[in-house]
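Here are some notes to read beside the model.

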Amino acid sequence: EFQLSTVPFSGENFGTVAYLSTFLYAPGVTTGHGIRVMVAAQKQFYEGKNYLMSNIIRFPYGYDDRYSREALTVQFEYAMPLYTGDLSLSPLLYVKRVQLIPYLDGCINQTPLRRELLYSGGGSLLAEVNLFGISYPVTLGIKCGITAEKSVNASFVFKTPL
């Protein structure tokens, strides 16, 4: 994926940001397991400008968005099913699959003042379910992680296939 973002006619205010990313998918150690590796880079072209553009790159889980002149990110995920059967818990809840996805994220970020190394690790526990007897599946779960600064983060996950 390649993205280029600029503000036309911005004069001396904003430059341009370029972003490039690629994904590699590979089978895991056993059947049903999978590996995803993502590498992304971003560069701001801001010479003679007053402000940096908003970032396109995603920083490791647990870190807020920050100023970035240049950034390189590597993300590693390993998906493994914990349950793949069909389980009807009631007419209102049908569980299709439960999976665990451990991850490691790392980023080298060049701010206007210094270079920083950001990294985090953790995992997601996700269940693909049908709610209220509707055949449209949703994914529910929790994602937890810890950053290099020992900051623990957790968030709920709600995804639809759209």
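1. The radius of gyration used here is taken over C-alpha atoms, and the value for a globule is 2.2 Å times the number of residues to the power 0.38. The model is a predicted one. For 162 residues a compact globule would have a radius of gyration near 15 Å, whereas this protein has 20 Å. Along the principal axes, its C-alpha atoms fill a box of roughly 60 × 30 × 30 Å.

2. What does the secondary structure come to? The count is 0 helices and 9 strands. Among contacts between residues at least 6 apart in sequence, 51% join residues at least 24 apart.

3. Buried residues make up 33% of the 162 residues. In soluble globular proteins, nonpolar side chains tend to be buried together. Here the largest nonpolar core has 9 residues, namely Y19, M38, A40, I57, F59, Y63, A71, C107 and L118. Apart from this core lies another, of 5 residues, which include V98, A127, V129 and V138.

4. M38 belongs to the largest nonpolar core. Leaving out residues up to four places away in sequence, M38 touches S21, T22 and F23, and also T73, V74 and Q75.

5. M80 and T31 are 49 residues apart along the chain, and their C-alpha atoms are separated by 9.1 Å.

6. Rolling a probe the size of a water molecule over the atoms shows where empty space is left. The largest pocket has a volume of about 180 Å³. Its lining consists of R36, R58, Q75, E77, I101, Y103, D105, S124, L126, K143, V157 and K159. Two or more of these residues come from each of β4, β6 (93–110), β7 (115–131) and β9 (152–159). The strand that gives the most is β6, with 3 residues.

7. What is the make-up of the pocket lining by residue type? The lining of the largest pocket divides into 4 nonpolar, 2 polar and 6 charged residues. Q75 is one of the lining residues, and Q75 is also among the residues that M38 touches.

Terms used
Residues are numbered from 1 along each chain as its sequence is written. This is a predicted model: local features need pLDDT of at least 70, side-chain atom pairs count only at pLDDT 80 or more; totals for chains, interfaces and linings use all residues. Side-chain values use heavy atoms; hydrogens and water are left out. A nonpolar core is a set of buried Ala, Val, Leu, Ile, Met, Phe, Trp, Tyr and Cys residues joined through side-chain atoms within 4.5 Å. Buried means under 20% relative accessible area, exposed over 50%, partly exposed in between (1.4 Å probe, protein chains only). Contact means heavy atoms within 4.5 Å. On a 1 Å grid over the protein atoms alone, a cavity is a set of points where a 1.4 Å probe fits but cannot get out, and a pocket is an open set with protein on both sides within 12 Å along at least five of seven lines; lining residues have an atom within 4 Å of a point. Grid points are joined across faces, edges and corners, and a volume is the space filled by probe spheres set on the points. Helices (H or I, at least four residues) and strands (E, at least two) are DSSP runs, numbered from the N terminus. Ala, Val, Leu, Ile, Met, Phe, Trp, Tyr, Cys and Pro count as nonpolar, Asp, Glu, Lys and Arg as charged, and the others, Gly among them, as polar.
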